[in-house]
Amino acid sequence: MPALDESISHDTTSPPTTTHDGLMSDDASDGVSASDGLSSEKVKTFVFTSRRTAQDGTQSEESLEIRIPELLEASYSFYIWPCAPVLALFLWEHRDDLVGKHVLELGAGTSLPGILASKCGASVTLSDSANNTRALQHIRRCTELNGVQNQVRIIGITWGLFLNSLFTLGPLDLIIGSDCFYEPTVFEDIVVIVAFLLEKNPHARFLCTYQERSADWSIEHFLNKWGLTCTHVPLDDLGANSNVSVDELMQAHTIHLLDIRRR
């Protein structure tokens with residue numbers, strides 16, 4: 001049986017920087033300054049690697065680099081939260097299942113999992129709040145930095161609202177999201193949208209990473225109300241055959257991977 005070693009590393013130092021004009025800069029902060037009317041950005045580089053061993057004993061190396069710009073703004077959408085690298089690593093370890101699949105990322109923000117899926121051969125749609133133009137522009141910036149701007153679609157989806165964009169998605173095989181359930185007031189709005197999409201795509205599933213912030217928070221009632229079921233995907237072995245520490249990726253947080261489907 002072929003063997004596979006996986007790893008992911010990320011560099012949080014400031015590399016040679018890239019401005020919004022695509023020019024290289026040696027400044028400590030990436031992007032343009034506040035005097036230009038836009039926030040500065042810091043680029044984080046994530047490198048996913050693997051080593052495959054074939055049945056004849058030969059080995060091959062695979063590597064995938066994704067660069068994500070973070071904006072120095074007080075907004076959820078512009079930072080990489082711990083849930084995103086965890087979901088991205090899970091997708092990387094199952095990347096053979098992504099080839100040719102139609103994938104939608106909800107609340108994409110910096111879009112690390114969605115960009116990875118695109119680079120692994122999926123047809124990807126990235127989405128964020130339809131009334132947050134700045135967030136949608138930042139998604140475009142993330143795709144441009146990774147050279148996938150011409151192969152992904154970016155749309156506005158506002159949780160709890162049935163906008164026209166929902167009806168133009170086409171068939172979906174997989175819906176993904178990282179840390180969407182960050183605030184109880186939006187829990188049902190998210191579940192409603194997921195239930196609608198899964199009703200239109202009954203063979204699809206919603207894979208999402210969820211950071212536990214309070215033992216009193218739960219989506220179980222809303223899942224039951226909207227005809228969905230949830231399975232916890234074990235993360236104990238994630239990255240076990242590599243130098244990856246899942247605990248380090250989680251940054252001392254408790255993170256769950258949920259597999260949500262129609263009941």
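A crossing of two helices is left-handed if the near helix is turned anticlockwise from the far one by less than a right angle, and right-handed if clockwise. Keep that in mind for the helix pair below.

This is a predicted model: local features need pLDDT of at least 70, side-chain atom pairs count only at pLDDT 80 or more, and totals for chains, interfaces and linings use all residues. Residues are numbered from 1 along each chain as its sequence is written, and side-chain values use heavy atoms, with hydrogens and water left out.

**Whole chain**

Start with the protein chain in cartoon view. Its secondary structure comes to six helices and 13 strands. Helices (H or I, at least four residues) and strands (E, at least two) are DSSP runs, numbered from the N terminus. Of the 263 residues, 51% are buried. Buried means under 20% relative accessible area, exposed over 50%, and partly exposed in between (1.4 Å probe, protein chains only). Now turn to contacts, meaning heavy atoms within 4.5 Å. Among contacts in the chain with a separation of 6 or more, 71% join residues 24 or more positions apart.

**Helix α1**

Select residues 83–93, helix α1. 10 of its 11 residues are buried, so α1 is largely enclosed by the rest of the structure. Among the buried ones are Cys-83, Val-86, Leu-89 and Phe-90.

**α1 against α2**

Two packed helices are described by the angle between their axes and the distance between the axes. α1 passes α2 in a right-handed crossing.

Show side chains. Ala-84, Pro-85, Leu-87, Ala-88, Leu-91 and Trp-92 in α1 meet Leu-112, Pro-113 and Leu-116 in α2. By class, this contact has nine nonpolar, no polar and no charged residues. Ala, Val, Leu, Ile, Met, Phe, Trp, Tyr, Cys and Pro count as nonpolar, Asp, Glu, Lys and Arg as charged, and the others, Gly among them, as polar.

**The cores**

A nonpolar core is a set of buried Ala, Val, Leu, Ile, Met, Phe, Trp, Tyr and Cys residues joined through side-chain atoms within 4.5 Å. The largest has 43 residues; Phe-48, Ile-66, Leu-112 and Leu-116 touch the most other members. Helix α1 gives the most to this core, with nine residues. Centre on Leu-116. Not counting residues up to four places away in sequence, Leu-116 touches Phe-48, Leu-64, Ile-66, Ala-88, Leu-91 and Trp-92. Then move to a second, separate core of 31 residues, which includes Ile-157, Cys-180, Phe-196 and Phe-222.

**Phe-181**

Select Phe-181, in the loop between β10 (174–178) and α4 (187–200). Phe-181 counts as buried, at 2% relative accessibility. Beyond four places in sequence, its contacts include Phe-187, Ile-190, Phe-206, Tyr-210 and Arg-213. Draw a C-alpha distance from Phe-181 to Glu-212: 9.2 Å, for residues 31 apart along the chain.

**Two positive phi values**

Go to Ser-111, in the loop between β7 (102–105) and α2. Its phi is near 70°, a positive value in a residue other than glycine. Ser-111 is buried, at 0% relative accessibility.

Finish at Gln-251, in the loop between α6 (246–250) and β13 (255–262). Phi of Gln-251 is near 55°, also positive in a residue other than glycine. Gln-251 is partly exposed, at 47% relative accessible area.
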